[in-house]
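Please keep the structure open beside the text as you read.

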Amino acid sequence: MADTPENKAAPAEIYFDQPLIFTLPENHARGRFVRLGPVLDLILSAHGYPPAIERVLADALTLTALLGSTLKQADGQLTLQAQTENGLIELLVCDYKAGELRGYLKFDAERAAEMPDDPSLFALFGKGYLAITFDQASSDERYQGIVPLDGENLAEAAQNYFVQSDQLPTLVQLATRRDPVAGCVAGGLFLQYLPDGEEGRERLHVRDDNPEWDHVSALAGTMGAEELTNPELSLETLTWRLFHEEEIRVTPGLKLSRGCRCDAEYLKSVLARFPESERAAMADENGNIVIDCAFCSGLFPVAVD
């Protein structure tokens with residue numbers, strides 16, 4: 001029997017800014033849903049992004065939240081960065097750490113003003129590459145994979161990453177829209193087929209026929225952008241709609257917040273790595289080095305000792 005949101009002992013239903021982790025044990029699959037709302041608006045408010053550029057960053061932040069929620073260690077960090085060649089987007093970087101989410105996008109404003117409302121991935125990034133880094137600080141484990149930014153959108157590029165790096169069947173869906181009441185809303189689904197690790201049995205990801213994966217991925221593929229971004233639907237409701245005939249186990253992930261490590265003490269520790277002569281050259285007439293944070297657009301004067 002399926003564990004539904006109604007009969008599963010769990011906290012209040014999740015609508016915004018908190019991943020919902022689910023497993024389908026009989027189908028050897030796991031996944032996450034997330035819908036960004038107030039946290040996303042707070043991050044986007046630091047810069048005046050045009051609509052098409054805003055959608056790219058919102059999708060990237062949603063993907064970062066989905067993948068960050070897979071980290072097993074509390075002090076782990078997930079970083080997503082796009083490396084571009086001749087694209088109108090010059091830099092895209094997002095990261096997740098202990099539920100804190102941040103992101104920044106630098107773009108060519110003149111070229112962006114001339115692009116269509118729904119530009120292709122190539123128009124945005126040119127010959128670009130997507131780098132995803134998993135950094136487990138407490139165990140000193142660091143893993144990075146890089147794949148071309150191919151496909152129709154960022155979700156397809158992310159799927160290619162997992163197929164190439166982990167060789168695991170993976171489905172990623174991302175959607176963003178402007179809601180007249182909730183503001184910018186972005187939703188995402190991450191679903192992955194787990195390898196069979198039992199001794200003496202073939203790993204699932206090397207088999208040509210994966211009927212269990214074909215079944216759950218077909219169900220997940222029916223999830224539309226409108227549902228992912230509908231602020232009136234809880235994430236438990238989305239999960240139940242897709243997999244109501246399967247055994248489902250759901251767990252809330254960490255609540256998300258806008259994270260920025262640009263406090264005065266941290267910036268002071270970074271500046272301390274520079275030689276005294278260079279710090280003096282960077283200081284203004286008041287003896288302060290003013291740091292402009294690209295993530296939050298804050299200005300932070302740090303006194304030179």
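Two strands are taken to pair if DSSP finds at least two bridges between them. The model used in these exercises is predicted.

**Exercise 1.** Work out the order of the strands in the open sheet and find which strands are at its edges.

Solution. Begin with the order, which runs 7-6-3-4-5-11 across six strands, with mixed pairing.

**Exercise 2.** Describe how strand 6 and strand 7 pair, and say which residue stands opposite Ala131.

Solution. Strand 6, which covers residues 129-136, pairs with strand 7 in the antiparallel sense, over eight bridges. Next, follow Ala131 across to strand 7, where Ile146 stands opposite. Finally, consider what packs on the sheet here: helix 5 (residues 154-165) touches strand 6 and strand 7, and its direction makes about 120 degrees with that of strand 7.

**Exercise 3.** Decide whether Thr133 is buried or exposed, and trace its surroundings.

Solution. Then, leaving aside neighbours within four places in sequence, list the residues in contact with Thr133, which are Gln77, Leu78, Thr79, Arg142, Tyr143 and Gln144. With Gln144 there is also a polar contact, made between the side chain of Thr133 and the side chain of Gln144 at 2.8 Å.

Key. Residues are numbered from 1 along each chain as its sequence is written. This is a predicted model: local features need pLDDT of at least 70, side-chain atom pairs count only at pLDDT 80 or more; totals for chains, interfaces and linings use all residues. Side-chain values use heavy atoms; hydrogens and water are left out. Helices (H or I, at least four residues) and strands (E, at least two) are DSSP runs, numbered from the N terminus. Contact means heavy atoms within 4.5 Å. Axes are lines fitted to C-alpha atoms, for helices over the stretch in contact, and angles run from 0 to 180 degrees between N-to-C directions. A polar contact is a pair of N or O atoms within 3.5 Å; within protein, one must be able to donate a hydrogen and the other to accept it, and residues adjacent in sequence count only if both atoms are side-chain atoms.
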